[in-house]
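Take a look at the model below.

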Amino acid sequence: MPLPASVLQAWRYTSTSTDSTVVLPDGCRDLILHVVPGQRPQWLLTALADTFYDVPGTVGECFWGFRLQPGAQFDDARLMRAVQAGPLHDAQDALPLLDACVRLDPRVVDALHSLSVSTTVATAARQLGVSERTLQRLVQAATGRHPAYWKCLARVRRATAGLSHAPSLVACAADHGFSDQAHMTREFQRWWGRTPSAVLASAGLLAVATASGYP
């Protein structure tokens, strides 16, 4: 079955060690089927991350996830009741339930896009033809986050993607709207828990920070 429009990506991960896995904010929530050998499979619904966090590893555990589009709206309790009611024999069996429970409001989709390409929240509001207060109410109600959250997340994700191509960190900061390199470093530490140099030096972390998500 094809992915519903509300699902950005289906993914799977199997742990081969007890090392922790770092999770970085991507503007998405995930519906996850967590399977630990010898235990009953469990459905999880992640929160919208505000900063990085670590997930402890268990050898052999498996995660099947569905990354939902930024701004996707749904009733948490209803969705969890639906997937837990089962019986679901495979993670893919949850796709019709996601299609039924999750919706995308075009106004929210447009608002998040404008925030991702605008230098300020006020600029995004003008592009949308609404007041800044109206934009704030719409985005806050739909996502639980202020428009500034989305603007800053888009900027740091774009800057991260540009690290490998920028001639210097100073140039990368300027290209992506930071006031200076120190400002970019503070934002990297806030979101990723590492400096730009540390992110650039880690191919694995760089891949996680530039994976599918927002914008």
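A polar contact is a pair of N or O atoms within 3.5 Å. The model is predicted. Keep that in mind for each point that follows.

**Ser 116**
- Ser 116 sits in helix H3, which spans residues 106-117.
- A polar atom of its side chain lies 2.6 Å from the backbone oxygen of His 113.
- Ser 116 has a relative accessible area of 8%, so Ser 116 is buried, as buried means under 20%.
- Leaving out residues up to four places away in sequence, Ser 116 touches Ala 154, Arg 158, Tyr 214 and Pro 215.

**Salt bridges**
- The structure holds 6 salt bridges.
- One of them joins the side chains of Asp 76 and Arg 29, at 2.8 Å from N to O. This pair links distant parts of the chain, 47 residues apart: Asp 76 is in helix H1, and Arg 29 is in the loop between strands S2 and S3.
- Asp 76 counts as partly exposed because its relative accessibility is 33%.
- Asp 50 and Arg 145 also form a salt bridge through their side chains, at 2.8 Å from N to O. They are 95 residues apart: Asp 50 is in the loop between strands S4 and S5, and Arg 145 is in the loop between helices H5 and H6.
- Asp 50 has 40% relative accessibility, so Asp 50 counts as partly exposed.

- The side chains of Arg 67 and Asp 30 meet in a salt bridge of 3.5 Å, N to O. Arg 67 is in strand S6 and Asp 30 is in strand S3, 37 residues apart.
- Both Arg 67 and Asp 30 are buried.
- Salt bridges with shared partners join Asp 26, Asp 30 and Arg 67 into one network.

Technical notes: Residues numbered from 1 in each chain as written. Predicted model: local features only at pLDDT ≥ 70, side-chain atom pairs only at ≥ 80, totals over all residues. Heavy atoms only, no water. Helix = DSSP H or I, 4+ residues; strand = E, 2+ residues; numbered from the N terminus. Buried < 20%, exposed > 50% of the residue type's maximum accessible area, 1.4 Å probe, protein only. Polar contact = N/O pair within 3.5 Å; in protein donor to acceptor, adjacent residues only side chain to side chain. Contact = heavy atoms within 4.5 Å. Salt bridge = Lys/Arg side-chain N within 4 Å of Asp/Glu carboxyl O.
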